[in-house]
Amino acid sequence: ITVATSLVLVVALLTWRRPAPTEPPRTRERFLPALNAGIRYVRNDRVVRRILLRSVLFIAPATVLWALIPIVARERLDIDAGAYGALFGALGVGAVIAALSIGKLRRTVSINGLLVGAGLVYAIVLAVIVLVPVFAVALVALVVGGAAWTTCISILNAEMQVVLPTWVRARGLAVYLVTFTGSQAVASLLWGQVAALTGIVVVFVAGAVLVAGAALSGFFLRIPEVAGSDQ
């Protein structure tokens, strides 16, 4: 199925005809100088640095769920492969719900308010799925958790795109993706080692505390709600 849907995208890209540019083409930058310029911009822009910091503070502890949910399924819920698939289905349902509702929420709630609220909800989910080892409860909790995760990630991603000027946007998003995936990779390894030493309950409760702390840090590390610039 993945191959088939990917082929549709490939065909669409190959047959897409971009509109003719209305401005004369600019001189292309050389790769390494362009890369260095992008890194310098990210390093020196306060808002971009803050978004990256907020991303790490949330993603690193929140990754405990993605890294260790198989252990929760085996040791706490004692479920089979079909039920385990249902857990990920619940996360997906929550993600879809968030995607459909974030637009409406942003009309009434600030960006920082959404990040704080979604982070606290996600922290509660982490605690519930190990402290209340009931499959039905886990399903409901993961629907909520999927919505909270998607809310945080989509807002941080969107804000990064908004605050970056056009000329450096692709390079800035590349740094964001490296930060995102790097935080997940390193945190997954660390959470696994800690779980081996302390047990799954302790590590999830610790993750919940850290996620809650990261959410509450939003009162001090606020992201300015500003429009992008093309300077």
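The model is a predicted one, so to speak of local features a pLDDT of at least 70 is needed, side-chain atom pairs count only at pLDDT 80 or more, and totals for chains, interfaces and linings use all residues. Residues are numbered from 1 along each chain as its sequence is written, and side-chain values use heavy atoms, with hydrogens and water left out. On pLDDT (the predictor's confidence in each residue, from 0 to 100), the protein chain has a mean of 90, and 94% of its residues reach 70 or more. Among its elements, helix H8 comes out on top with a mean of 96, while helix H2 (residues 31–44) has the lowest at 84; helices here are DSSP runs (H or I, at least four residues), numbered from the N terminus. Residues 227–231 stay under 50, and the model gives them twelve contacts beyond four places in sequence, a contact being heavy atoms within 4.5 Å.

One cavity of 30 Å³ or more turns up in the structure; a cavity is a set of points on a 1 Å grid over the protein atoms alone where a 1.4 Å probe fits but cannot get out, and lining residues have an atom within 4 Å of a point. The largest cavity holds about 110 Å³, with volume taken as the space filled by probe spheres set on the points, which are joined across faces, edges and corners. Helices H3 (46–77), H5 (111–131), H6 (135–163) and H8 (200–216) each put at least two residues into its lining. Among the lining residues are Arg 54, Phe 58, Cys 152, Leu 156 and Ser 217. By class, the lining has eight nonpolar, two polar and one charged residues (Ala, Val, Leu, Ile, Met, Phe, Trp, Tyr, Cys and Pro are nonpolar, Asp, Glu, Lys and Arg charged, and the others, Gly among them, polar).

Ser 55 sits in helix H3 and is buried, at 1% relative accessible area (buried is under 20%, exposed over 50%, partly exposed in between, with a 1.4 Å probe and protein chains only). Its side chain reaches the backbone oxygen of Ile 51 at 2.8 Å. Not counting residues up to four places away in sequence, Ser 55 touches Leu 156 and Tyr 176.

Over in helix H6 there is Thr 150, which counts as buried at 18%. Neighbours within four places aside, Thr 150 is in contact with Ala 95, Ala 98 and Ile 102. Ser 101 belongs to helix H4 (residues 81–108) and is partly exposed at 24%.

Methods: On a 1 Å grid over the protein atoms alone, a cavity is a set of points where a 1.4 Å probe fits but cannot get out, and a pocket is an open set with protein on both sides within 12 Å along at least five of seven lines; lining residues have an atom within 4 Å of a point. A polar contact is a pair of N or O atoms within 3.5 Å; within protein, one must be able to donate a hydrogen and the other to accept it, and residues adjacent in sequence count only if both atoms are side-chain atoms.
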